[in-house]
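Please look over the sequence and the model shown below before reading on.

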Amino acid sequence: MALAPNVYDAEPIPETARAEIERLLTSGDLFRYTCPGDSPVALLEAEFAELMGAKYALAVASCSAALFLSLKALDLPRGAKVLIPAFTFAAVPSAVLHADCVPVLVEVAGNYRIDMADFAAKLDGADAVMISHMRGHTSDMDAIMALADERGLPVIEDAAHSLGTTWRGRNIGTIGRIGCFSFQSYKLLNSGEGGILITDDAEIAARAVIMSGAYEHNWKKHKGPRGENAPDLADAFARWQNRLPLYNTRLNNLSAALIRPQLPEVARRVRDGRRNHDYVAGILDASDWLSVPAKLPPEERAPDSIQFNLVGMTDDEARAFQDAAAARGVKVQIFGMSDDNARAFWNWRFLGEVPDLPQTRAMLMRASDTRLPARLTRADCDFVAGALVGAAEDVKGRALAYGT
């Protein structure tokens, strides 16, 4: 019997990182602002901005920190209402609260994307929009941007799961005013923890840099596109120096040294992740009991996991499916089927009263999630797909055998 593939280990850090890591360990120079020249963090920012086609990038401690700083950099008033999808990770509403704003949850449809009717209905009174491309599923960015622009609302893209995804050929994270990405171990680029924000707006970049912890004149070490001096950025720094609080959420040089050699790997990881996802999705969709929502036409995804809906299953059958898949060697997470899942909005008790969002709740009770890293082989993918289809047949076969 074939062994289940290991879907939890990240890809190894490229060998080319070792010399730089050894240099940093020998010197002990891990703080981004003590380097006499460009620090590894500064080099990462310039390289990531160029990769994405953005003017400015700021590397920070996490994607959550990037989301928080984005809201603060927009200079929103205390109590500002920020629209977020109800299907996201708990860190997203947490970042909104941390920025002294109020999250307003928007319904999400069965395809894991924002319900545009509910989005439009909740725009009045909103001060900003934060779109989570949750698990790499892109909502209708044409419609979102049109509605937000019509009202003059800034859009932040939470692209933690979407590095390498494009919309009409444009990189996700560059469509809104600010894009935020993650370097946590389960993401496309891995430094254990870390994040980065990108923007073309010098004012936002300068405010975010200072608030990230660029005290005194350390902001002078931040430059414009491709490491060039940018007059607009320098002018913005001069306006905001000593006028903003310091939240000290910087990235360190060792983390940057881990990430930089992985940047050339992005295209391959995106290609292989899409190949694995689409292959497994085709097998799952052939089952009567499993359904993978299709991508939107303008979207080219960069997945490292697969999400699918259980079809025609009761709550008990859904739980039995999880158990059957585990028995076959594949772990499945049904987002709504646990007491503490951080992606089920009713578990965000820190928000106080949880809104009634029946469409999102129904989706989460059947939406299933399985790791599917880009490094898996075709045989690995066959094992995962076979386990999932077999688990569904285990459950529904029993139900059909006994009849209703």
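The lining of the second largest pocket divides by class into 13 nonpolar, three polar and seven charged residues. The pocket belongs to a predicted model, and its volume comes to about 270 Å³.

- Lined by 23 residues, the second largest pocket has A42, E45, A46, K223 and G224 nearest its centre.
- Two or more residues of this lining come from each of the elements α2 (40-52), β1 (56-60), α7 (202-213) and α8 (231-240).
- Among the contributing elements, α2 gives the largest share of the lining of the second largest pocket, namely five residues.

**The largest pocket**

- The largest pocket has a volume of about 760 Å³, and of the 33 residues that line it, R135, H161, Q184, K187 and R343 are the closest to its centre.
- At least two residues of the lining of the largest pocket are supplied by each of α3 (63-73), α4 (91-98) and β14 (367-371).
- Sorted by class, this lining of the largest pocket holds 13 nonpolar, eleven polar and nine charged residues.

**Enclosed cavities**

- The model contains two cavities of 30 Å³ or more, and the largest cavity has a volume of about 180 Å³.
- The largest cavity is lined by 16 residues, of which A10, E11, K187, L188 and D304 are the closest to its centre.
- In the lining of the second largest cavity, one residue is nonpolar, five are polar and two are charged.

- D75 is not a glycine, yet its phi is positive, at about 60°.
- D75 is placed in the loop between α3 and β2 (81-85), and it counts as exposed because its relative accessibility is 52%, where exposed means over 50%.
- Y112 is likewise a residue other than glycine with a positive phi, in this case near 75°.
- Y112 sits in the loop between β3 (102-106) and α5 (116-122), and it counts as buried because its relative accessibility is 3%, where buried means under 20%.

- M365 is found in the loop between α12 (358-364) and β14.
- With a relative accessible area of 19%, M365 falls under the 20% limit and so is counted as buried.
- Leaving aside residues up to four places away in sequence, M365 touches D315, I334, G336, M337 and W346.
- One of these contacts, M337, is 28 residues away from M365 in sequence, while the C-alpha atoms of the two are 6.1 Å apart in space.

**The protein as a whole**

- The protein has 13 helices and 14 strands, and buried residues account for 57% of its 404 residues.
- A compact globule of 404 residues would have a radius of gyration near 22 Å, and because the protein has 22 Å, it agrees with that expectation.
- Along its principal axes, the C-alpha trace of the protein spans about 75 × 50 × 35 Å.
- When contacts between residues at least 6 apart in sequence are considered, 72% of them join residues at least 24 apart.
- The accessible surface of the protein comes to about 16900 Å², and carbon and sulfur atoms hold 51% of that surface.

Terms used
Residues are numbered from 1 along each chain as its sequence is written. This is a predicted model: local features need pLDDT of at least 70, side-chain atom pairs count only at pLDDT 80 or more; totals for chains, interfaces and linings use all residues. Side-chain values use heavy atoms; hydrogens and water are left out. On a 1 Å grid over the protein atoms alone, a cavity is a set of points where a 1.4 Å probe fits but cannot get out, and a pocket is an open set with protein on both sides within 12 Å along at least five of seven lines; lining residues have an atom within 4 Å of a point. Grid points are joined across faces, edges and corners, and a volume is the space filled by probe spheres set on the points. Helices (H or I, at least four residues) and strands (E, at least two) are DSSP runs, numbered from the N terminus. Ala, Val, Leu, Ile, Met, Phe, Trp, Tyr, Cys and Pro count as nonpolar, Asp, Glu, Lys and Arg as charged, and the others, Gly among them, as polar. Buried means under 20% relative accessible area, exposed over 50%, partly exposed in between (1.4 Å probe, protein chains only). The radius of gyration is taken over C-alpha atoms; the globule rule is 2.2 Å times the number of residues to the power 0.38. Contact means heavy atoms within 4.5 Å. Accessible areas come from the Shrake-Rupley method with a 1.4 Å probe; for residues, only the protein chains shown count as cover.
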